[in-house]
Amino acid sequence: MKIICVGRNYSEHAKELGNAVPVNPVIFCKPDTAIIKNKEPFYIPAFSNDVHHEVELVIKINKTGKQIQEKFARSYFNEVGLGIDFTARDVQQQLKEKGLPWELAKGFDGSACLGNFINLDGLDLNEIKFSLHKNGNPIQIGKSGDMIFSFEKIISFVSQYFTLKVGDLIYTGTPAGVSKVSIGDKLEGFLGDKLMLSCEVK
Ligand code: ZN
């Protein structure tokens with residue numbers, strides 16, 4: 001399986017990092033070795049002094065497809081969960097300045113925290129509310145309808161380049177409120193008021 005991620009998919013987050021709002025989705029990938037599951041600890045890597053949390057809605061592909069039209073994209077996923085795209089912001093900044101790919105800053109071991117999933121039957125895809133709490137305080141709050149590129153648009157776009165396979169994950173971008181994590185922080189992700197993910201920083 002592969003992990004596909006969308007950058008800058010919420011305009012407030014693009015602004016907080018000083019980036020322009022993109023015309024097409026900004027896409028990068030993480031290797032499967034990046035995954036840590038719900039309740040597993042996240043270890044800050046030795047090469048970074050500035051790892052940020054980015055809480056994101058994650059959809060799971062349930063049917064193989066390529067060059068999927070947006071109007072058919074809904075039939076390629078039926079579960080949504082929460083993930084944290086841990087980002088070594090200092091490393092990413094250096095890579096950006098040199099015009100280099102972001103994988104070292106985004107794809108390292110443990111950088112794809114993955115919580116539980118729920119079935120999407122009967123849910124309004126524009127009304128999925130989610131949040132991340134750090135040490136009990138809400139720090140990132142988002143809603144699917146605020147995404148610049150919808151789930152269907154993302155699937156249509158990425159499937160022009162990559163064949164999507166059953167089990168592939170798409171991290172759909174983070175809302176504003178990213179910040180540095182420190183040893184001892186407790187991160188908890190909620191879909192609505194349902195706890196879907198918890199992770200302690202070590
Ligand atoms: Zn992200």
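Among contacts in the protein chain between residues at least 6 apart in sequence, 77% join residues at least 24 apart; contact here means heavy atoms within 4.5 Å. Before I go on, the ground rules. This is a predicted model, in which local features need pLDDT of at least 70 and side-chain atom pairs count only at pLDDT 80 or more, while totals for chains, interfaces and linings use all residues. Residues are numbered from 1 along each chain as its sequence is written, and side-chain values use heavy atoms, with hydrogens and water left out.

Now the overall picture. The protein chain has four helices and 14 strands, taken as DSSP runs numbered from the N terminus: H or I over at least four residues for helices, E over at least two for strands. Along the principal axes, the C-alpha atoms fill a box of roughly 45 × 40 × 30 Å.

Of the 202 residues, 52% are buried. Buried means under 20% relative accessible area, exposed over 50%, and partly exposed in between, with a 1.4 Å probe and protein chains only. The accessible surface of the chain is about 9,300 Å², and carbon and sulfur atoms hold 51% of that; the areas come from the Shrake-Rupley method with a 1.4 Å probe, and for residues only the protein chains shown count as cover.

Next, the metal. Which protein donors does the zinc ion have? They are Glu-54 (OE), Glu-56 (OE) and Asp-85 (OD), lying 1.9 to 2.1 Å from the ion. Glu-56 sits in strand 5 (residues 55–61) and Asp-85 in strand 6 (residues 77–85), so this pair ties together parts 29 residues apart in sequence. Glu-56 is buried at 1% relative accessible area, and Asp-85 is buried at 0%. Donors are N, O and S atoms within 2.8 Å of the metal (3.2 Å for Na, K and Ca), and water is not among the atoms, so sites may look incomplete.

Last, the cysteines. With a disulfide defined as a pair of cysteine sulfur atoms within 2.5 Å, the count is zero. For Cys-5, the nearest cysteine sulfur is that of Cys-29, 7.2 Å away, which is too far for a bond. Cys-5 is buried at 0% relative accessibility, whereas Cys-29 is partly exposed at 25%.
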